[in-house]
Amino acid sequence: MSASTCRAIHALPTAGHTECDTGVPPRTTALRYHPSLTTTVPREYVHRASVSEVMLTGWERVDGQRFTVTAQWPRGHSFYSTVDGCHDPLIAAETIRQTGLLLAHAEFGVPLDHHLLVGELDVTIRPAHFRVGRTPATLQLDVTCSKMEERRGALTRCRVDVDIRRDGHLAATGGGSFACIGPKVYQRLRTTKILTGERAPAMTPTAPETPRAVGRTSPADVVLSPTGRPGSWHLRVDTRHPILFDHPVDHVPGMLLLEAARQATTATLGHASLPLAVTSEFTRYVEVGTACVIEARRLPVSGTDHEEVVLVTARQDGTAAFHATVTMGSPTA
């Protein structure tokens, strides 16, 4: 009798199935699943419209609150571009963000129509293992979930801590926290702001800062506009941007604010270099149609000549909505 093995294939809850290998060779004319092939996780799990923007390729539960997630970064990305010969650290932040969303939906049963709101997001990289190689970077993420809160058996809050490994080496550490909100509650929270279809209004973006001043080459990727005051910019929101506005939303995406923090840091320091660490906190929604001011100031650093630190704050209607601390360095630091 030939051996028979079964393997679960991750899919959307409405399309789950199990594939079995009975040991009988398939007909050459039949299509079959090949276990050595790699694909991305369902884009719905990570709240992305474009499959090309899905960084995660698979996941496996280790125990009740620990998971192994696999991911891949391209050698070149249209927005998360190479920095000093290294992968962009913000692609690592986006990978951590996607990891929290994936596990919430796929492992903890959060429905796909729920909103997952990021409260904190941070990443620290090791430049030696962030170099762009001759092939895409294949990654293993060791994930621990903690500070989990439930209400009526449903997950409402969680923290994920992530070690990102590349070729067996620790390439980055980071984590984030998020809250899970059902559609009815979300609509009540956003009742004065929410838009039909959750789509941000099409709007003409303000004039960009000089791309070179913020470490960019294309004006389309600049998210700051000059105010004429040192250390201050207007947040430049272009709802047509294919990466930052990958899908319709009713507020400014968190990754846009992180990019604003990186660009403000570059402008403050007067040079573009590799971010070694980014810590951030999101305290309020940033509305698309309301002016938002980005402020940046250098922080004192002791004990090293290879790092510079900048504190960035986003204010809307006079109230702080976002904070980030960006530590800049170089791959040889």
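**Entry 1. Leu258**

I began with Leu258 and looked up its neighbours beyond four places in sequence: it touches Leu90, Ala93, Leu121, Val278, Ser280, Phe282 and Phe322. For contact I took heavy atoms within 4.5 Å. I note that this is a predicted model, in which local features need pLDDT of at least 70 and side-chain atom pairs count only at pLDDT 80 or more, while totals for chains, interfaces and linings use all residues. Residues are numbered from 1 along each chain as its sequence is written, and side-chain values use heavy atoms, with hydrogens and water left out.

I then asked which residues touch the most other members of the largest nonpolar core. They are Trp73, Ile164, Leu235, Leu258 and Ile294, out of 82 residues in that core. The largest share of this core, nine residues, comes from helix 1. A nonpolar core is here a set of buried Ala, Val, Leu, Ile, Met, Phe, Trp, Tyr and Cys residues joined through side-chain atoms within 4.5 Å. Buried stands for under 20% relative accessible area, exposed for over 50%, and partly exposed for what lies in between, with a 1.4 Å probe and protein chains only.

**Entry 2. The whole protein**

I recorded three helices and 14 strands in the protein. Helices (H or I, at least four residues) and strands (E, at least two) are DSSP runs, numbered from the N terminus. Of the 333 residues in the protein, 44% are buried. Among contacts with a separation of 6 or more, 63% join residues 24 or more positions apart.

**Entry 3. Helix 1 and helix 3**

Two packed helices are described by the angle between their axes and the distance between the axes. I looked up both values for helix 1 (residues 89-106) and helix 3 (residues 254-269): the angle is about 155°, and the axes are 11 Å apart. The axes are lines fitted to C-alpha atoms, for helices over the stretch in contact, and angles run from 0 to 180 degrees between N-to-C directions. Helix 1 and helix 3 are therefore roughly antiparallel to each other, a term for angles over 145 degrees, whereas under 35 counts as roughly parallel, 65 to 115 as roughly perpendicular and the rest as oblique.

The crossing of helix 1 past helix 3 is right-handed. Which residues make the contact? Helix 1 supplies Leu90, Ala93, Glu94 and Arg97, and helix 3 supplies Met255, Leu258, Glu259 and Arg262. I sorted them by class and found four nonpolar, no polar and four charged residues. Ala, Val, Leu, Ile, Met, Phe, Trp, Tyr, Cys and Pro count as nonpolar, Asp, Glu, Lys and Arg as charged, and the others, Gly among them, as polar.

**Entry 4. Strand 6**

I looked up Val143, which lies in strand 6. Val143 is buried, with a relative accessible area of 2%. Its C-alpha atom is 8.4 Å from that of Thr99, 44 residues away in sequence. Beyond four places in sequence, the contacts of Val143 include Thr99, Leu103 and Val162.

Thr144 is also in strand 6, and at 35% relative accessibility it counts as partly exposed.

**Entry 5. Ala296**

Ala296 is in strand 12 (residues 292-299) and is buried, with a relative accessible area of 14%. I listed its contacts beyond four places in sequence: Gly231, Trp233, Ala264, Thr268, Val310, Leu311 and Val312.

**Entry 6. Positive phi**

Most residues other than glycine have a negative phi. I noted Arg152, with a positive phi near 55°, in the loop between strand 6 (137-151) and strand 7 (154-166). At 81% relative accessibility, Arg152 is exposed.

I noted Asp317 as well, with a positive phi of about 55° although it is not a glycine. Asp317 lies in the loop between strand 13 (308-316) and strand 14 (319-329), and its relative accessible area of 65% makes it exposed.

Notes: Left-handed = near helix turned anticlockwise from the far one by under 90°.
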